[in-house]
Amino acid sequence: MQPFRPRKQVALAVLALACAVGASAKTLVFCSEGSPENFYPGVNTTGTSFDGNEPIYNRIVEFERGGTKVVPGLAEKWDISKDGLVYTFHLRKGVKWHSHRAFKPTRDFNADDILFAFDRQWKEDNPFFKVTSSNHSYFNDMGMPKLLKSVEKVDDYTVRITLNKPEAPFLANLAMPYAAIQSKEYADAMLKAGTPEKIDQEPIGTGPFYLVQYQKDAVIRYKAFPQYWGGKAKIDDLVYAITPDASVRWAKLQKGECHVMPYPNPADLDAMRTDPNVKVLEQPGLNVGYLAYNVTKKPFDDVRVRRAVNMAINKKAIIDGVYLSTGVAAKNPIPPTMWSYNDAIKDDVYDPEGAKKLLAQAGYPNGFTTDLWAMPVQRPYNPNAKRIAELMQADLAKVGVKAEIKSYEWGEYRKRMQNGEHQMGMMGWTGDNGDPDNFLTVLLGCDSARTNGSNVSKFCYQPFEDLIGKAKSVSSQSERTQLYQKAQVIFKEQAPWFTMAHAVQLKPVRKEVVDFKLSPFGRHTFYGVDIKE
């Protein structure tokens, strides 16, 4: 295998090398929109970071490519007890780990690695709990610390997970990026060497590609892993050319300098659809973009203020002016393609005069001053947060609310939002497992609010919490649907968000790319993809 190359190598030289490989090698270049925060999915919640980790890792179970069905991963099969509390996973044998210049594995993947993956997120006395970050937000947001009773090694290739209560989406939750499996042997070796952070900076996994080189804000280079348990990938080299500007990504795609690009500018779509060398893949997005009110800070601790701001913002102008043909107005916290969506709910009306009256009732007849945070990057649920913030700012000024637009570097933005430093801030979500729980619990549940997780509105409302908690504990989808629909009614009444839009998932791809599939979760998976000679 090719050794891991140090970061100091010049990114452009690496990219040129990747594109100039021999005629027999196949290279696919993905023009990604940003750099991963690190190579440890357990502390990330952004699609950018998940994309960077996706080629490297596997999970116990996986989602089928392009779908929501759970299929075998590192576990070949599993058994579930009748009471839904005990999951027994039978692991694959002969699964090989990657290696690089600093570490050569001496054993195959086994049950010890599964236990390590759970323990470093779950147990504070684990030496890796605080490595990279102690904020395992996804693990915590889903209430895993309370849900898990035990994770036990039965033998080298059998793991038993026992829950404290039944959890309908548990298996799907294990197929999500945070549950990636890392090597305990590698972790132990790096801990002994005094460099535990290397497992997240120079990662190895069991995935179809191994990491060769990474330079932040420039390039990530992977190579197909010949010993991959699923069979070697059809492409030999995978290059992420990090290109934050959507117009530049489009220019590179036109020239053939990259093969796949995410998050196109809506204004470029007509040109993309008429380019004979490009095909635009699209499907309804499993996402929502929203403006979160920090309900623990004045004046947004008053529901009348939140509802007034919702009424003051012209949602149609945002959809028409920014999303163009790529989004539909959102009224609920889950997308309309998701089961249990409550279409009977009426959206907030655009009513500036009504907003003024509500503000006066709340004690703000002359309005107030607030911040308005806008993301610095394009996201699948928001093509231009800065422009949306400007439109919101103008609307709010008409009802006496003076909003100061703020932004930070993306990683810092997310961290500060999770810490609750904002009064109002834009955020969004792309579903990870096709279950409403993945939106309602992760984004609006009490655990997620208390642990600085993805509930950036800090919304913790017991009638809502009771409904989503009960919905997780029953197996009947019709019963769960009724509970989630009631929860959406409460969400609308309490208004912790201004729900903006559900964006259409769009992916321009070069015509020579074969069998690239859109993921309902917005992931970019390149195993199984080929390039025509």
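Within strand S10, Val 239 is the bridge partner of Arg 221. Strand S9 (residues 219–224) and strand S10 (residues 237–241) run antiparallel and are joined by five bridges; strands here are DSSP E runs of at least two residues and helices are H or I runs of at least four residues, both numbered from the N terminus. Two strands count as paired if DSSP finds at least two bridges between them.

This is a predicted model, in which local features need pLDDT of at least 70 and side-chain atom pairs count only at pLDDT 80 or more, while totals for chains, interfaces and linings use all residues. Residues are numbered from 1 along each chain as its sequence is written, and side-chain values use heavy atoms, with hydrogens and water left out.

**Two open sheets**

S9 and S10 belong to an open sheet of four strands in the order S1-S10-S9-S8, with mixed pairing. At its edges stand strand S1 (27–30) and strand S8 (209–215), each pairing on one side only. On average, neighbouring strands of this sheet are turned by 20° against each other, direction ignored. The loop between S9 and S10 holds Gln 227. Is Gln 227 buried or partly exposed? Gln 227 is partly exposed, with a relative accessible area of 45%; buried means under 20%, exposed over 50%, and partly exposed in between (1.4 Å probe, protein chains only).

Five bridges pair S4 with strand S5 (residues 86–91) in the antiparallel sense, and in S5 the bridge partner of Ile 80 is Tyr 87. Contact means heavy atoms within 4.5 Å; axes are lines fitted to C-alpha atoms, for helices over the stretch in contact, with angles from 0 to 180 degrees between N-to-C directions.

Arg 120 is found in helix H3 (residues 111–122) and counts as buried at 0% relative accessibility. Leaving aside neighbours within four places in sequence, its contacts include Tyr 40, Phe 128, His 136 and Asp 200. Charges over rings are listed below; NZ of Lys or CZ of Arg must be within 6 Å of the ring centre and within 35 degrees of the ring normal.

| Charged residue | Ring | Distance to ring centre |
|---|---|---|
| Arg 120 | Tyr 40 | 3.6 Å |
| Lys 123 | Trp 122 | 5.1 Å |

The structure holds 28 aromatic pairs; rings of Phe, Tyr and Trp (its six-membered ring) pair if their centres lie within 6.5 Å, with planes under 30 degrees apart counted as stacked, over 60 as edge-to-face and the rest as tilted. One of them is the stacked pair of Tyr 138 and Tyr 178, at 5.8 Å centre to centre and 25° between the planes. Tyr 138 lies in helix H4 (residues 137–141) and Tyr 178 in the loop between helix H6 (170–173) and helix H7 (184–192), so the pair ties together parts 40 residues apart in sequence. Tyr 138 is buried at 0% relative accessible area, and Tyr 178 counts as buried at 3%.
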